[in-house]
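The following note is intended for a colleague who is meeting this structure for the first time. Please keep the sequence and the model in view while reading the numbered points.

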Amino acid sequence: MTPTPPPRSRRSRVADRSPLPSLRKLRPEAVPVRTAPHGPRLVRLAMWSALGAGPVALAATLFAPPTAVVQAAPAPPPSAELAPADPRGAAELFVDLWLHADGANSDSGIAAAVRALAPEVDLPKRPRSTDAPAAGGGRVVAIRTVVGPGTWTVVVAALRDQAEPTFPGGPNTVGPLVRYYAVSGTGGTQDTPLTIGGAPAEVAAPDGAAVPAAQFTHRVPAGSGLEMSLGEFVRAYLGGGQGGGLERYLSPGLRLSAPKTAPYVRIEVIDVLADAEAATSAAVPADGTKARVRIRVSGENRLGVRWPLVYRAEVTARAGRWEVSVLESGVTDLPAGTSASPAVSGGGR
């Protein structure tokens, strides 16, 4: 027998007849949402923007009013001041070429080189004979330069390889080995080029320079401490720094390079002159006393030839003896922080 179900309440029967689902069943569940990527959309937007901007930019360019574009010009670099050209080299080259040139062979390379420096110059003409002196000379050296407003003159000494006869075929007399030529020209500044005016002019030998007033008027006695010290110094110096070295004759901190190829086998001090009376005393003066001296030396080489040599130096008293503090025209290395003086650099006084 089937059991009879218990009777249900009225509220239960009403709920069963309701067509609406239970509120508990209407609770939403989490559902994943998929979004479309933005990359393709941005690419398409960029493409359409570019296509649209092309005609617009073209129209703006065509119908826009013309405007001038001003670009600042770069500032020119400051030009260096050109020093005036030295005419001595041109004068030496010109005289050398001119002495080798021959007007009878005006198409030669030497003639062309001469006329490149002075187009209107006349060339020397040499006879066609075996007795004619050889063309050209030896060495040419500029010995004097006079510069005026826009003009210049250079005196050149031309040393010939050998003396040439004054009169070919005549008496056995020869001309001078050294001849002097004056070359004049214009220009040589920054604005005008250097030009040579014409053929050189042979001139007399320049006058000898005036002998300066004597500076070394005090004779250092032979056998004195200063004379003996300088004699030992010169022998060590011309002996290549051998036999004890130079350091003991030099002031502290002074370094001196001795000639390594001096060919002298005998060295003699002729005399010593000083510019201060303190150097003539037999006793060495107080420390720090200075004097300039001139040393005449005779050096004899292995062939027996005697060479007269002259040295100028500055000596300083220290610890009861004289020391060489400067040797003029010598290769002198000064201590650090000491400036070179004209005596050290070889300039005469």
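**Note on the predicted model**

1. Glu 323 touches Tyr 249, Leu 250, Ser 251, Pro 252, Glu 314, Val 315, Thr 316 and Arg 318, leaving aside residues up to four places away in sequence; contact here means heavy atoms within 4.5 Å. Glu 323 is part of strand β11 and, at 1% relative accessibility, counts as buried. Buried stands for under 20% relative accessible area, exposed for over 50%, and partly exposed for what lies in between, with a 1.4 Å probe and protein chains only. The side chains of Glu 323 and Arg 321 are joined by a polar contact of 2.8 Å. A polar contact is a pair of N or O atoms within 3.5 Å; within protein, one must be able to donate a hydrogen and the other to accept it, and residues adjacent in sequence count only if both atoms are side-chain atoms.

2. On the basis of the note: this is a predicted model, in which local features need pLDDT of at least 70 and side-chain atom pairs count only at pLDDT 80 or more, while totals for chains, interfaces and linings use all residues. Residues are numbered from 1 along each chain as its sequence is written, and side-chain values use heavy atoms, with hydrogens and water left out.

3. The chain has five helices and 12 strands. These are DSSP runs numbered from the N terminus, helices being H or I with at least four residues and strands E with at least two. Of the 349 residues, 28% count as buried. Among contacts between residues at least 6 apart in sequence, 54% join residues at least 24 apart.

4. Which residues touch the most other members of the largest nonpolar core? They are Phe 233, Tyr 237, Val 293 and Ile 295, in a core of 32 residues. A nonpolar core is a set of buried Ala, Val, Leu, Ile, Met, Phe, Trp, Tyr and Cys residues joined through side-chain atoms within 4.5 Å. Two or more residues come from each of α5 (225–238), β8 (264–274), β9, β10 (306–318) and β11 (321–327), and α5 gives the most, with seven. A second, separate core of 21 residues includes Trp 98, Val 114, Trp 152 and Val 154.

5. Helices α3 (residues 87–100) and α4 (residues 109–117) have axes that come within 9 Å and cross at roughly 145 degrees. The axes are lines fitted to C-alpha atoms over the stretch in contact, and angles run from 0 to 180 degrees between N-to-C directions. Leu 93, Phe 94, Leu 97, Trp 98 and His 100 in α3 meet Ile 110, Ala 113, Val 114 and Leu 117 in α4.

6. Asn 301 belongs to strand β9 (residues 290–301) and is buried, with a relative accessible area of 11%. Its side chain reaches the backbone nitrogen of Leu 303 at 3.1 Å, and a polar atom of that side chain lies 2.8 Å from the backbone nitrogen of Val 305. Beyond residues up to four places away in sequence, Asn 301 touches Pro 263, Tyr 264, Val 265 and Trp 307.

7. Is Ala 319 buried or exposed? Ala 319 is exposed, with a relative accessible area of 59%, and its place is in the loop between β10 and β11. Although Ala 319 is not a glycine, it has a positive phi of about 55 degrees.
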